[in-house]
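Subject: Structure handover

Hello,

Please find the structure below. My notes on what turned up follow it.

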Amino acid sequence: MGLLILNGLANGLIVGGIYALVGVSLTLLYGVLRVVNFAHGEFVIAGSFLAFALFSGLGVPPLLALPVAAIAFFAAGWALYYVLIPRLALSDDPELMSFLMFYGVSIAAAALMLLLFGADSRSIDDTFSPVSVPLGPIYVSTARLVALGITAVLSLALAWFLFRTLPGKALRAAIMNREAIQIMGVDIVRLSAFAFALATALAGVTGVLIALVFPAFNPFSGAEYTIIAFIVVVLGGLGNPMGALLAGVIYGLAEQMATVFLPQAMAQIVGFAILIGTIFFRPSGILGTRSRR
Amino acid sequence: MTKALPRRTLIAATVGTIAVRRAWAEDAKPIRIGMTVSSTGTFALAAQSGLRGAEIWVDDVNSRGGIALGGTKRKVELVKLDDRSDKTIVPKVYETLIKDEKVDLCFGPFGSTLTAAAVNTTETNNKFMVIWSASADSIYAQGYKYVVSATQQAGTLLGRPGVKAFGELGVKKIAFAYLDEPFPAALTNGAMDEAKKLGIEVTMDEKFAKGTKDFNILIQKAKASGADVFMPTAYEGDQMTMARQLREMNVDFKGVYFVYGSQPQFLAIGKDALYHFSQTLLHDRINWKVTGGLTRAQMMERYAKLFPKAPYPADFQTALAYGAGAVLEQFIQEAQTLDAAKLKEAALKLNNKIVTVTGPYEIDATGKQFKNEFAVMQNLPEGVEVVYPPEIATAKAVYPIPPYKDRK
């Protein structure tokens, strides 16, 4: 049992880190733009497929695919913002319309990936050497440790960006009060485009990491990550990036430890039970602040 | 001493005979077989893959002049209608096939869902139904009189070959895990029953939910249960993740069985796929001594000739449908009628007397298929080989498999 618990803790941290990244980009988007990106999981899986295409087509290892994904997805996100988001402003209820629009985008994105890569599960046949590293009595996959390291670096970089740089502070300010920062002279359209591009880039990078940690993915895997992202966002507090990072780790740990003590099939139930409990007892999420009317 | 016929008389007699025979052949109505095919929706790919198998059989029969029935050769005509993967329209479409198209007998649609919807109609109209891809045991428990699963083994029997192979290898303990969905659950429950029957201890029986991303703890639990062999059953993606996690976590079993372990996408994970056991029906190493229809190689050759632009290569659905056609041909020849009751009688009489591209044939009175077992494969360094059943094995199983630390 001791070994199982240790494994559960190690995996919980690694898987939780990935969940945190999946959630943080979605919450950033929601916080700044009030856009419910239902296609978030497809953006993530598109990152996995980019890594797959680079590896199988050009022999580029997944680690080198990370900066490529960041740049490519940032550019795609920037373009996508100007194609999609301004139309939402014309709607009476942009938040609801964003949900419907991105639901359509998710179907289109999955269909496009299906067209390009087929329906089969894909994986990247590239492993680190050594394949795993002994940590005390347990073995942890090198790929997972690398992914954990990158997740930690990305999280710290994101925190630094949000709290120490002017654009980051502007983003946080936009999350807190979108109207007020416009009065202060901030170009909200450019800032929103930047937030959309940043969230999309994070999703793409997360997709590459997912290809390392969960080696099989297919065009329809996106929906599962969208659900995870929503759980993490609600747990952490809507629009709170730091809350999402914390919530991802908590969710990952809870899910993994549940499998240690309960049948594997119960793991997801435990995750959802935590979500329901949070909504009941702390509706604003772990780090969310209660909005006052 | 016989006297030779004058040359002119001989030619005239021959020409006359050919003309009469041709006239008979033209008069002989083709045997009309109705089936639905999904042109769109969830089952479209598999249904069309199966259709190509059925069309190979039709082409083969007709190129031989047809099926001998009542003293004449009758060609076969496949009457296909679209079911759009929709179980709610399937009964109506089969009704149309029977009432309007006047088909003589029916071929099933793809899969258990659509077949279950079709059978009621064919049964009510006293039409014989050949099933080629429905594995749900529930279909055969309804008391239908005129259904026969010609090639598709029942779901609860699908997991047996692996366990039987491990039984012969001397395995004492197996840990089972499965995705909580009908197909993996039926396969695993059948495999567990077989294990108990063979005196193999089941050390773990755990299911996991769809969407499970990480199998680390599940693998550790299987190891901790003391199992010699681990049999986790799910679809390709989950199995690829498990195969990689086994190596990453350095967890050794004497054998690991992945149902889809010999499929190309699984093999794409490279070294992580090595030494794992699996099962399949169609592989270039699986070659039954066929007594009904074309061999695998001939079927593949015909596929290439008939469908040069097919979007996918022939798969096991193609083989199942082709094999079902080959079996049906034997029923008709045995029964010498298209009457549903007589065909069912013939189907039972032919038990263990037909071997098609997918293996030997045996049904019970419900029409449930007991043979046509999957071959057990192992991914060896030199390639994927058949290791069970012995009559078609191409290599000896490597068991126990080498521990990860001893692999290059």
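B:I89 is partly exposed, because 17 other C-beta atoms lie within 10 Å of its own. (Buried means 20 or more such atoms within 10 Å, exposed means 12 or fewer, and partly exposed is in between; C-beta atoms are placed from the backbone.) B:I89 sits in the loop between β4 (76-82) and α3 (90-99) of chain B. Helices (H or I, at least four residues) and strands (E, at least two) are DSSP runs, numbered from the N terminus. Setting aside neighbours within four places in sequence, B:I89 is in contact with B:D83 and B:R84. Contact means that the C-beta atoms of two residues, placed from the backbone, lie within 7 Å. B:K254 is 165 residues from B:I89 in sequence, and their C-alpha atoms are 49 Å apart in space.

Some ground rules. This is a predicted model: local features need pLDDT of at least 70, side-chain atom pairs count only at pLDDT 80 or more, and totals for chains, interfaces and linings use all residues. Residues are numbered from 1 along each chain as its sequence is written, while chains are lettered from A and ligands numbered from 1 in the order in which they are written.

Backbone of chain B

Most residues other than glycine have a negative phi, and most peptide bonds are trans. B:N250 is not a glycine, yet its phi is positive, about 60°. B:N250 lies in the loop between α9 (236-248) and β11 (255-256) of chain B. It is partly exposed, with 17 C-beta neighbours inside 10 Å. B:Q336 also has a positive phi, near 55°. Its place is the loop between α12 and α13 (340-349) of chain B. B:Q336 has 13 other C-beta atoms within 10 Å, so it counts as partly exposed.

Two peptide bonds are worth a look. The bond joining B:Y388 and B:P389 is cis, with omega about 0°. The bond from B:Y399 to B:P400 is cis, with omega near -5°. B:P389 falls in the segment after β16 (383-388) of chain B. B:P400 is in the segment after β16 of chain B too.

Domains of chain B

The domain assignment, automatic or from a database, gives domain 1 (26-154 + 285-360) and domain 2 (157-283 + 374-406). Their C-alpha centres lie 31 Å apart. The contact takes 14 residues from domain 1 and 12 residues from domain 2. On the domain 1 side, helix α12 (residues 316-335) of chain B gives the largest share, three residues. By class, that side has seven nonpolar, four polar and three charged residues. Nonpolar covers Ala, Val, Leu, Ile, Met, Phe, Trp, Tyr, Cys and Pro; charged covers Asp, Glu, Lys and Arg; the others, Gly among them, are polar.

Chain A against chain B

How many residues of chain A are in contact with chain B? There are 27, and they meet 27 residues of chain B. On the chain A side, α1 (2-33), β2 (138-141), α10 (241-261) and α11 (267-281) each give two or more residues. The largest share, six residues, comes from α1(A). The chain A side divides into 12 nonpolar, 12 polar and three charged residues.

A helix pair in chain A

Helix α2 (residues 40-58) and helix α9 (residues 222-236) of chain A pack at about 125°, with their axes 7 Å apart. That angle makes α2(A) oblique to α9(A).

Regards

Terms used. Axes fitted to C-alpha atoms, helices over the stretch in contact; angles between N-to-C directions. Parallel < 35°, antiparallel > 145°, perpendicular 65-115°, else oblique.
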